[in-house]
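Me: I have a structure open and a few quick questions about it. Can we go through them one at a time?

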Amino acid sequence: MTSDEAVIAVIDALGSLAVPYLLTGSLASNFYGIPRATQDADFVVHLEKLKISAILQQLGPRFRLDPQMGFETVTATARYSIRALTAPLEIELYLLSDDEHDRERFRRRRRIALLGRSVWVPTAEDVIVTKLRWSLQGRRPKDRDDVRNVLAVQADRIDWDYVYPWCDRHGTRELLDHVRGSIPPP
Amino acid sequence: MEPDQALIDRLFRERVGRARAMPPEEKLLAGPRLLDRSCRIMADGIRDEFPDADEARVEEILRHRLDLIRRLEHTA
């Protein structure tokens, strides 16, 4: 199994079980920005009463669950890691948290028709808001680069009236302005 | 010779143009596909570095290096 097949298998498993989800992380920033290699495929899932074991069962024996549950530090979100046995990609399933922006981006997620199936992705604006937050708190240079690339590719399609209030709340406005200012003019 | 800012900006604009031209399916799966390609090149490097290693050992070293990259990214 290749890494892209592993991503499709997870999308199909979540779809089969009717688990509300959205793609996030670099899969989402690649979709709106300039693609780069990624070691992780991140999903936000709303499991409700479903157990993680049901997803694992749906995925079949080619996947293994890391028994240690993790946490994403910015929004204190619980995370399950799943590995495809023959692919280097790690699948991260983040449980939908009570964080206000986490909830809002999940509510605003878009269903797009891709690869002959429905795939749920965040809006470009929510990718920017999320990545800026991770960049500031996680101090990962890649997140900042991802934001710059999404801003450059999406250009005048971005709804700034949505982005700026969230950045004010997260304390990332200065970072956003700095990243915007670093983009060369068309 | 150091590249000047005009060249850096031009190359960036070209990357933006290519990204806009990519089909959505390709963009969505580009990350995992680029990872697999990188891993094939890394595995070739490991085989060259450890000529006596069998494929299981190559895979083990590769996984170790990927974990190291992931840790470095999270502590950058």
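Me: Which residues does Val121(A) touch, not counting residues up to four places away in sequence?
Reply: This is a predicted model, to begin with. In it, Val121(A) touches Leu22(A), Leu23(A), Ala28(A), Phe31(A), Arg109(A), Arg110(A) and Ile112(A).

Me: How far apart in space are Val121(A) and Arg109(A), C-alpha to C-alpha?
Reply: 5.6 Å. In sequence they are twelve residues apart.

Me: Where is Val121(A) found?
Reply: In strand E8 of chain A, residues 117-121.

Me: And why does Val121(A) count as buried?
Reply: Because Val121(A) has 21 C-beta neighbours inside 10 Å, and 20 or more is the cut-off for buried.

Me: Leu22(A) and Leu23(A) came up. Which way do they point from strand E1 of chain A?
Reply: Opposite ways. Leu23(A) goes with Tyr21(A), and Leu22(A) goes with Thr24(A). All four are buried. In a regular strand, side chains alternate between the two faces of the sheet.

Me: In what sense do E1(A) and strand E2 of chain A pair?
Reply: Antiparallel, over four bridges. E2(A) covers residues 40-45. Thr24(A) has Asp42(A) as its bridge partner there.

Me: Now the core. How many residues has the largest nonpolar core?
Reply: 54. Val10(A), Phe43(A), Ile128(A) and Val150(A) have the most contacts inside it. Helix H1 of chain A, residues 3-16, gives the most to this core, with seven residues.

Me: What is Val150(A) in contact with, leaving aside neighbours within four places in sequence?
Reply: Ser29(A), Tyr32(A), Gly33(A), Ala124(A), Val127(A) and Ile128(A). Ile128(A) is also on the list of residues with the most contacts inside the core.

Me: Switching to the chain contact. How many residues does it take from chain A and from chain B?
Reply: 28 from chain A and 25 from chain B. On the chain A side, H1, helix H2 (25-32) and helix H6 (141-154) each give two or more residues. By class, that side has 16 nonpolar, seven polar and five charged residues.

Me: At roughly what angle do the axes of H1(A) and helix H2 of chain B cross?
Reply: Roughly 145°, and the axes come within 7 Å. H2(B) runs over residues 24-49.

Me: Which residues in H1(A) meet H2(B)?
Reply: Ser3(A), Asp4(A) and Val7(A). Across from them in H2(B) are Leu29(B), Pro32(B), Arg33(B), Leu35(B) and Asp36(B). By class, this helix contact has four nonpolar, one polar and three charged residues.

Terms used: Residues are numbered from 1 along each chain as its sequence is written. Chains are lettered from A and ligands numbered from 1 in the order in which they are written. This is a predicted model: local features need pLDDT of at least 70, side-chain atom pairs count only at pLDDT 80 or more; totals for chains, interfaces and linings use all residues. A nonpolar core is a set of buried Ala, Val, Leu, Ile, Met, Phe, Trp, Tyr and Cys residues joined through C-beta atoms within 7 Å. A residue is buried if 20 or more other C-beta atoms lie within 10 Å of its own, exposed if 12 or fewer, and partly exposed in between; C-beta atoms are placed from the backbone. Two residues are in contact if their C-beta atoms, placed from the backbone, lie within 7 Å. Ala, Val, Leu, Ile, Met, Phe, Trp, Tyr, Cys and Pro count as nonpolar, Asp, Glu, Lys and Arg as charged, and the others, Gly among them, as polar. Two strands pair if DSSP finds at least two bridges between them. Axes are lines fitted to C-alpha atoms, for helices over the stretch in contact, and angles run from 0 to 180 degrees between N-to-C directions.
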